[in-house]
Amino acid sequence: MTTKNIWLVRSGLAVSMGAVALGLAILPLRQSSAATTAGVHPGPMSRTDAFARAETLTAVGRKIFSDPSLSASGLQACASCHDPSHAFGPASATPIEMGGEHRDQPGLRAVPTLRYLQSVPAFTEHYYDSEDEGDESVDNGPTGGLTWDGRVDHGADHAKIPLLSPFEMGNRDAAEVVAKLQKAAYADDIKAAFGETVFDNPKDAFDAAAEALATFEQSGPDFYPYSSRYDAFLAGKATLTAQELHGRQLFEDPAKGNCSSCHLSEPANDGEPPQFSDFGFLGLAAPRNMAIPANNDPNYHDLGLCGPQRTDFAGRSDYCGLFRTPTLRNVALKQSFFHNGYFHSLRDVVSFYATRDSDPGRWYPKNSDGTVRKYDDLPQAYWDNLNQDPPFGRKPGDAPALTDPEIDDIVAFLATLTDADLQPEATGH
């Protein structure tokens, strides 16, 4: 799956992704810039102006992203949960974050990384693609979208969710956010980017803030640097150890880890670096996490694509229990895994894949009669939706798909996906 934007990465012109995110119509270079670059919707402009505007909005978005005054508590910024030093994911190991006016409202899902979202396509129920990029006859089913359940497609819409969520930044409405933006030290920067009258209409100002955040989140150096040791290895500029190479082999082997069937690990045909996700949806049956307060209600189930946070597929039983496949880039930095943050060790995650079906008692609780309550966070009516491709699909008592040393090797390989700026020597940790 490709984005056809590799030239942006190779040339270092990452700011132009901001123009893509904004949907700016870029005129041919030979045309002069007659378009006004101010305003929420500036219209067609020259490439030079589009690049300049993207740089401006990136700077504004960076300030908004780090501003805790935009939350109901006055203590929570976007960066509080999406820490730049943790690949724009959470710094803590807690499965959920607390938010709201008093920061006492628990979330429902683990916070995902914001890095490497630039390639995620818009959600579709039928994504046609195959390993042969010239053959688009394979329907891969539901694909894309920017959340665990794929319910928004655009960065600006994505940015609005935490600002208004009662268990995140907790604002009542867009007008409340805008009132805070007007008082911000960078309010004049917003006016300079979007026009002096931008605050006259709260909807326009809220849209402007969301566009600035979306543009910042398309900044190449910040969000898709492709600077890991594995990227250098693919470019012939670094080597992997024997253990890491073996881990890569196991990662890609359909009879062993089979990880690359969803977490694509090879460059695309056009040379684009691998995203380590096909952006599809899978049912994996992570164990129920009782550390999430919502799960204290036995009738509550987070069913991903079919709800409850996504509502347009409510009642679509064939979608229940499916969550979007995240990228594995920087996965070694994570401290909680899956949509519910149940696991806190990358090794446990790989072990779960290898033994979910062959040794379910290792992962799931037991009933009073001693039987295993497997897939305990997914009602049995939806078990047919669970992925049974290797390494899954084995029967209890079967040999696991991976041995302990092989699991260690895969984990070692995954550590090569950490970006250079997040390595301990770069962060000072």
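C262 is buried in this predicted model, with a relative accessible area of 13%. Does its sulfur have a bonding partner, or is the closest one too far away? The closest cysteine sulfur belongs to C259 and lies 9.2 Å off, which is too far for a bond. C81 counts as buried because its relative accessibility is 13%.

So where is a disulfide to be found? The structure holds 1 disulfide, and C306 and C320 form it, with their sulfur atoms 2.1 Å apart. If you look along the S-S bond, the angle of 110° makes the link right-handed. Both cysteines sit in the loop between strand 5 (281–282) and strand 6, so the link ties together parts that are 14 residues apart in sequence. C306 and C320 are both buried.

Let's turn to the nonpolar interior. In soluble globular proteins, nonpolar side chains tend to be buried together. Here the largest nonpolar core has 41 residues, and F251, F338 and L414 have the most contacts inside it. Helix 11 (242–252), helix 12 (346–355) and helix 13 (404–414) each supply at least two of its residues, with helix 12 giving the most, 5 residues. Apart from this core lies another one, of 39 residues, including L114, Y116, L181 and F279.

With 13% relative accessibility, F338 counts as buried. Leaving aside neighbours within four places in sequence, its contacts are A110, W148, L284, A286, F343, V349, F352 and Y353.

The last of these contacts leads to the aromatic rings. A pair of aromatic rings is described by the distance of the centres and the angle of the planes. The structure holds 28 aromatic pairs. Y224 and Y226 form an edge-to-face pair, at 6.3 Å centre to centre with 75° between the planes, and both of these tyrosines are buried. The rings of F338 and Y353, by contrast, have centres 6.1 Å apart and planes at 20°, so this pair is stacked. F338 lies in the loop between strand 6 (323–324) and helix 12, while Y353 lies in helix 12, so the pair ties together parts that are 15 residues apart in sequence. Y353 itself is partly exposed, because its relative accessible area is 22%. F338 and Y353 also belong to one aromatic cluster, whose members include Y342, W363, Y375 and F392.

Two arginines lie over aromatic faces as well. R310 lies over the face of F123, at 4.1 Å from the ring centre, and R329 lies over the face of Y116, at 4.9 Å from the ring centre.

Just after the helix, G195 takes a positive phi of about 110°.

Our last stop is T416, in the loop between helix 13 and helix 14 (424–427). T416 is buried, with a relative accessible area of 1%. Leaving aside neighbours within four places in sequence, T416 is in contact with S228, R229, Y230, L240 and E244.

Terms used. Residues numbered from 1 in each chain as written. Predicted model: local features only at pLDDT ≥ 70, side-chain atom pairs only at ≥ 80, totals over all residues. Heavy atoms only, no water. Core = buried A, V, L, I, M, F, W, Y, C linked by side-chain atoms within 4.5 Å. Buried < 20%, exposed > 50% of the residue type's maximum accessible area, 1.4 Å probe, protein only. Helix = DSSP H or I, 4+ residues; strand = E, 2+ residues; numbered from the N terminus. Contact = heavy atoms within 4.5 Å. Phe/Tyr/Trp six-rings, centres within 6.5 Å; stacked < 30°, edge-to-face > 60°. Lys NZ or Arg CZ within 6 Å of the ring centre and 35° of its normal. Disulfide = S-S within 2.5 Å.
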